[in-house]
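Thanks for coming. I will walk through one structure today, starting with charged side chains and ending with helices and rings.

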Amino acid sequence: MDGNLKDLAVETYSRMVTAELRINELVQERLSFGDPLWRLFTVYLEPGFLFNLVIPMCGIYSQALLTRLLFAVGLASTLNSFAKWILPEQRPLWLLREMYASSVRSPSPGIALESHPLSCETTAGMPCAHSMSFTVFTLTIWMFLSAHVHSRQRWLAGTVAFGLIFCMWLSRLYLATEFLHQCVLGTFIGIQAMDALQQNSDYLWSRRRRWTVTGVLLLGGLAAAVYFAKLNLDVDPHWSVREAFKWCPDPSYMRHEASPIFYLVRDLGILMGIALASPLSNLDIKNASIWRRCASLLVLELLNFGMRWATPKQYGRFAFLAYELLRNALHSLLLLKYIPKFK
């Protein structure tokens, strides 16, 4: 009985992803006119770009908005990274090329997908990090602005927000980096995470530094425990990286900054900076003059850009990851605790 259920589940999943490959193909065929827009969404609204530029620039408008965005998107991105680290899933191009290369699968799916340099990502597919982080980012802004506008304007802003999220889905489908269900689940989990954060915001924002730092350290321990557990179970912790190397047409398209371990370290660094700035309820969120905010954020982001450019990739993986952990922790700490002091 259990064997029959397993076979049924595998067959159902296979049929579902094959159908979704046709959706990827349809989007590439019918929406190619929007190629620059789809690339813009993937490149300039991905989680790393949000953390390094877009969220800091939101601080020009409001320090309170910056604080909420960094907190919400940071937690959502960490949740996404752990989901991919623990239960990785195929990406469309990997699965399609595996289906054509396999002598077992018959008949061939009869689907053709175009590969782009942006398609060669080395993390697993589910849930979609772009959709999840962008959903939390967009809806956090919408909720923040909704407190200051009328109901009709709130409805219009909500429509625009979900329209932008849908465009992010199309971007990921067009570049064949995600299945549709991965995009939908990314948005769904992001909305659920936001709801949980909203309900527990007073508790989370009032936690003292020793508790938040301990929590981040425990998350780091969990990531390490998953790594060694996979090794003991003969499961490859770097499975998604090897899949990317196997099926990407040009390995030079892949980057160190796109590996699952890097994303975990980046997100834990951001959370550590937030933890060191805790309790968040005591932070100064009053706005200085717009010129002072612009000047201080510009200096910080130039410093952060210089630190990113000087990342020591040539000294081995450990030095690279330790440097990125410290850089992200310092960046988020300065954004939350010290930028507001330049008034």
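By salt bridge I mean a side-chain nitrogen of Lys or Arg within 4 Å of a carboxyl oxygen of Asp or Glu. The model is a predicted one, in which local features need pLDDT of at least 70, side-chain atom pairs count only at pLDDT 80 or more, and totals for chains, interfaces and linings use all residues. Residues are numbered from 1 along each chain as its sequence is written, and side-chain values use heavy atoms, with hydrogens and water left out.

Let me begin with Arg39 and Asp35, whose side chains form a salt bridge at 2.7 Å, N to O. The two residues belong to helix α2, residues 35-44, and being 4 residues apart there they are separated by about one helical turn. Helices here are DSSP runs of H or I, at least four residues long, and they are numbered from the N terminus. For exposure, buried means under 20% relative accessible area, exposed means over 50%, and partly exposed lies in between, with a 1.4 Å probe and protein chains only. Arg39 is partly exposed at 27%, whereas Asp35 is buried at 18%.

Salt bridges that share partners also join Arg91, Glu121, Arg172 and Glu178 into one network. Within it, the side chains of Arg172 and Glu178 meet at 3.2 Å, N to O, and both of these residues are buried.

A further salt bridge links Arg15 to Glu11, at 2.7 Å, N to O. This pair is in helix α1, residues 2-30, again 4 residues apart and about one helical turn from each other. Arg15 is exposed, at 59% relative accessibility, and Glu11 is partly exposed, at 41%. Over the whole structure, the search finds 9 salt bridges.

Next, helix α11, residues 239-247. Which of its residues are buried? They are Ser240, Val241, Glu243, Ala244 and Trp247. These cover an arc of only 160° around the axis, so they lie on the same side of α11; the arc is that of the directions from the helix axis to the C-beta atoms. Arg242 and Lys246, on the other side of α11, are exposed. What do the buried residues pack against? They pack against α5 (92-101) and α12 (260-276), where contact means heavy atoms within 4.5 Å.

Now the rings. Rings of Phe, Tyr and Trp, the last by its six-membered ring, pair if their centres lie within 6.5 Å; planes under 30 degrees apart count as stacked, over 60 as edge-to-face, and the rest as tilted. The whole structure has 10 aromatic pairs. One of them is Trp94 with Trp239, an edge-to-face pair with 5.8 Å between centres and 85° between planes. This pair links distant parts of the chain, since Trp94 is in α5 and Trp239 in α11, 145 residues apart. Trp94 is buried at 4%, while Trp239 is partly exposed at 25%. Elsewhere, ring pairs link Phe41, Phe134 and Phe137 into a cluster.

Last, helix α8, residues 180-199. Its 20 residues, at 1.5 Å a residue, should span 28 Å, and the end C-alpha atoms are 29 Å apart, which agrees. The expected span is 1.5 Å times one less than the number of residues. Buried residues in α8 include His181, Cys183, Gly186, Met194 and Leu197.

That is the tour; I will take questions.
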